[in-house]
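Please read the following report alongside the sequence and the model.

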Amino acid sequence: MAVPRSPDRWVFILLVVGLVGIGVAVALLVPAKVLGDEEPPRPVTATVVESGSCGQGMDTVEWDAGGEKKQAKLDGCGHTKGETVEIVNTGGEMVSSAASLPVGLPVGRRLTALLLCMAALAGGFYAFLFRYAPLRAPAVMPTPRRAESPS
């Protein structure tokens, strides 16, 4: 006769799955600033001072940085002189167009790490089940013999 399994094992499994779900929600919804990431640079409106042709050079832009006029090369080309563009100053001698920066939450690395942890958890649980699983009953149960009646 087979011994029925206790429902405690399923409660443990559901508890682990629930905690992993809560961990996923927290990891994806916690702002990056809380985790120590620096804020992305803010876009600034700049004016094209010198237009460079796309085959030979880059455009030069000028913007107001705290009352001081700054000029830098734009990592783009083909703008007309006097045109206003949104730029992002990353601190170097070259500025980038604000449209070229990714928009949205930077969850790629966090999601990758979270999926790696979930895969490790699933692999460990599978190894646990494989190692400590009770012996299985045979696939085909033998039919009991009937007592022969005296004739």
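## Contacts of P43

Leaving aside residues up to four places away in sequence, P43 touches E86, I87, V88 and A98, where contact means heavy atoms within 4.5 Å. P43 lies in the loop between α1 (8–29) and β1. Its C-alpha atom is 7.7 Å from that of N89, and the two residues are 46 apart along the chain.

The model is predicted: local features need pLDDT of at least 70, side-chain atom pairs count only at pLDDT 80 or more, and totals for chains, interfaces and linings use all residues. Residues are numbered from 1 along each chain as its sequence is written, and side-chain values use heavy atoms, with hydrogens and water left out.

## Chain and annotation

The chain holds two helices and five strands, in the order α-β-β-β-β-β-α from the N terminus. Helices (H or I, at least four residues) and strands (E, at least two) are DSSP runs, numbered from the N terminus. Of the 151 residues in the chain, 13% are buried; buried means under 20% relative accessible area, exposed over 50% and partly exposed in between, with a 1.4 Å probe and protein chains only. Among contacts between residues at least 6 apart in sequence, 44% join residues at least 24 apart.

The unreviewed UniProt entry annotates residues 12–32 and 111–129 as "transmembrane region". UniProt positions are given in the numbering used here, feature names are shortened, and annotations may be inferred rather than shown by experiment. In the model, residues 111–129 are 100% helix and 0% strand, with the end C-alpha atoms 27 Å apart.

## The barrel

The five strands close into a barrel in the order β1-β2-β3-β5-β4, with mixed pairing. Neighbouring strands of this sheet are turned by 55 degrees against each other on average, direction ignored; the axes are lines fitted to C-alpha atoms, for helices over the stretch in contact, and angles run from 0 to 180 degrees between N-to-C directions. Two strands pair if DSSP finds at least two bridges between them.

| Strand pair | Bridges | Direction |
|---|---|---|
| β2 (residues 60–65) and β3 (residues 68–74) | six bridges | antiparallel |
| β3 and β5 (residues 94–97) | two bridges | parallel |

On the β5 side, K73 stands opposite M94.

The largest nonpolar core has nine residues: A46, V48, V61, W63, A72, L74, V85, I87 and V95. Such a core is a set of buried Ala, Val, Leu, Ile, Met, Phe, Trp, Tyr and Cys residues joined through side-chain atoms within 4.5 Å. Two or more of its residues come from each of β1 (44–50), β2, β3 and β4 (84–88). Not counting residues up to four places away in sequence, W63 touches V44, T45, A46, E68, K69, K70, Q71, A72, I87, N89 and V95.

S96 is found in strand β5 and is buried, with a relative accessible area of 16%. Its side chain makes a polar contact of 3.4 Å with that of D75. A polar contact is a pair of N or O atoms within 3.5 Å; within protein, one must be able to donate a hydrogen and the other to accept it, and residues adjacent in sequence count only if both atoms are side-chain atoms. Beyond four places in sequence, S96 touches L74, D75, E86, I87 and V88.
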